[in-house]
Amino acid sequence: MYGDSSKMASSTSKSLAEILQPVKRLRSLSPSRETLAPRSCISIRSDPSVGTGVSGEFKLESPSSLTVEQRSRMEFNKYLARSKRNVRLCIERIENAKAEGIEYAKLEELLMEETWLEALQGELQNPYWKNLCRFVESELRGVVPIYPPPHLIFNALNSTPFDRVKAVIIGQDPYHGPGQAMGLAFSVPEGIKPPSSLINIFKELQKDVGCSIPMHGNLERWAVQGVLLLNTVLTVRKHQANSHARKGWEPFTDAVIRTISEKKRGIVFILWGNSAQEKSKLIDATKHHILKAAHPSGLSANRGFFGCRHFSKTNEMLKRLGLSPIDWQL
């Protein structure tokens with residue numbers, strides 16, 4: 001699965017940090033508790049059975065008295081806090097490197113989630129990674145803005161731990177408009193108008209499982225519940241779709257997909273469009289479930305996406321495995 005290992009050149013690491021300037025966190029990644037509160041079976045509104053320690057980790061006060069809903073609430077809080085911690089630590093790592101005069105930060109240091117570092121052990125030492133770092137470095141030094149901001153490049157992995165993955169939705173490259181990309185496939189921060197593909201996803205959700213169409217396009221709640229929202233390319237130039245394709249991201253995201261296939265069982269892979277469906281060759285169909293449909297874009301949604309019922313089918317598969325279903329309501 002992995003290629004030959006090699007050490008990243010220190011010069012690559014040092015120069016990368018120079019362009020990884022501190023970036024303000026997207027306002028959508030720090031919503032209030034009320035904004036984050038789920039509106040159906042999972043909720044993070046305050047509850048006397050759920051508490052937080054000094055460290056911010058959620059803890060169970062009286063396990064024997066918890067209902068199923070309360071346990072779901074506690075679990076959601078735990079992983080939401082973990083996701084926020086990863087984003088915060090990523091920002092701090094960028095800022096501290098500059099403040100201490102070290103003037104370097106390896107690209108892999110922006111991947112904070114320990115479970116992925118363990119699952120992908122050795123992958124970041126492969127030869128292609130060195131070339132990818134050089135490319136990202138040169139692009140961030142350029143005059144054309146690169147999306148998403150550096151601290152959100154690995155947001156999909158930082159938001160959905162490896163051992164938490166239940167389903168995978170595969171996208172292509174990030175949205176290339178200002179403020180749109182947040183490191184989660186198909187997702188945009190709150191306050192940003194949802195693109196047509198996301199609107200069509202919401203329409204199918206409404207017809208399939210009865211979800212009301214939300215006023216925003218932030219899919220962070222899905223990621224926290226175990227839906228890995230993985231783009232096959234993790235960066236892009238402003239207003240230049242696919243500008244970072246075939247620069248080294250594909251071997252990395254292929255390794256992510258292959259690792260899930262090899263090390264886990266019963267994962268639901270949701271593949272919309274030809275590009276995503278090409279990744280089916282990386283997935284062991286004897287161990288996992290693969291759902292295919294047309295892409296939800298305005299050009300193809302009427303040719304097989306609408307009516308695919310992938311959201312209800314995913315939950316049916318998870319229930320058969322004894323796993324809790326995804327609360328798709330945003």
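This report walks through a predicted model of one protein chain, from its overall make-up to a few single residues.

## How to read the model

Residues are numbered from 1 along each chain as its sequence is written, and side-chain values use heavy atoms, with hydrogens and water left out. Because the model is predicted, local features need pLDDT of at least 70 and side-chain atom pairs count only at pLDDT 80 or more, while totals for chains, interfaces and linings use all residues.

## The chain as a whole

The protein chain holds eleven helices and eight strands. Here helices (H or I, at least four residues) and strands (E, at least two) are DSSP runs, numbered from the N terminus.

Of the 330 residues in the protein chain, 57% are buried. Buried means under 20% relative accessible area, exposed means over 50%, and partly exposed lies in between, using a 1.4 Å probe and protein chains only. Contacts (heavy atoms within 4.5 Å) also tell us something about the chain: among those between residues at least 6 apart in sequence, 71% join residues at least 24 apart.

## A four-stranded sheet

In which order do the four strands of the open sheet stand? The order is β5-β4-β7-β8, with parallel pairing. The edges belong to β5 (227-231) and β8 (289-293), each with a single partner strand, so one side of each has no neighbour in the sheet. From one strand to the next, the twist averages 20°. Two strands count as paired if DSSP finds at least two bridges between them. Strands of a sheet pair through backbone hydrogen bonds, either parallel or antiparallel.

With β5, strand β4 pairs in the parallel sense over five bridges; Val168 stands opposite Leu228, and Ile169 stands opposite Leu229. Four bridges join β4 to β7, again running parallel, and there the bridge partner of Ile169 is Ile270.

Is β4 enclosed or open? Five of its five residues are buried, so β4 is largely enclosed by the rest of the structure. In a regular strand the side chains alternate between the two faces of the sheet. Both faces of β4 are covered: Ala167, Ile169 and Gly171 are buried on one side, and Val168 and Ile170 are buried on the other.

Helix α9 (residues 249-263) lies across β4, β5 and β7 (268-272), and runs at about 150° to β5. For such values, axes are lines fitted to C-alpha atoms, for helices over the stretch in contact, and angles run from 0 to 180 degrees between N-to-C directions.

## Two helix pairs

Helix α9 also meets helix α5 (residues 127-141): their axes come within 9 Å and cross at roughly 125°. The two helices are therefore oblique to each other; angles under 35 degrees count as roughly parallel, over 145 as roughly antiparallel, 65 to 115 as roughly perpendicular and the rest as oblique. Tyr128, Trp129, Leu132 and Val136 of α5 make the contact with Trp249, Pro251 and Phe252 of α9. These residues divide into seven nonpolar, no polar and no charged. In this grouping, Ala, Val, Leu, Ile, Met, Phe, Trp, Tyr, Cys and Pro count as nonpolar, Asp, Glu, Lys and Arg as charged, and the others, Gly among them, as polar.

Helix α7 (residues 196-209) packs with α11 at an angle of about 55°, with the axes 8 Å apart, and this pair is therefore oblique too. On the α7 side the contact is made by Ile201, Glu204, Leu205, Asp208 and Val209, and on the α11 side by His310, Phe311 and Ser312. The residues here divide into four nonpolar, two polar and two charged. Ser312 sits in helix α11 (residues 310-320) and is buried, with a relative accessible area of 10%. Not counting residues up to four places away in sequence, Ser312 touches Asp208 and Val209.

## Backbone details and cysteines

The peptide bond from Tyr147 to Pro148 is cis, with omega near -5°, and Pro148 lies in the loop between β3 (146-147) and α6 (155-159). In the loop between β6 (236-237) and α9 sits His239, whose phi is near 60°, a positive value in a residue other than glycine. His239 counts as exposed, at 52% relative accessibility. Asn242 is in the loop between β6 and α9; its phi is near 65°, and at 41% relative accessibility Asn242 counts as partly exposed.

How many disulfides are there? With a disulfide taken as a pair of cysteine sulfur atoms within 2.5 Å, the count comes to zero. Cys90 is buried at 0% relative accessibility, and Cys211 is buried with a relative accessible area of 9%.
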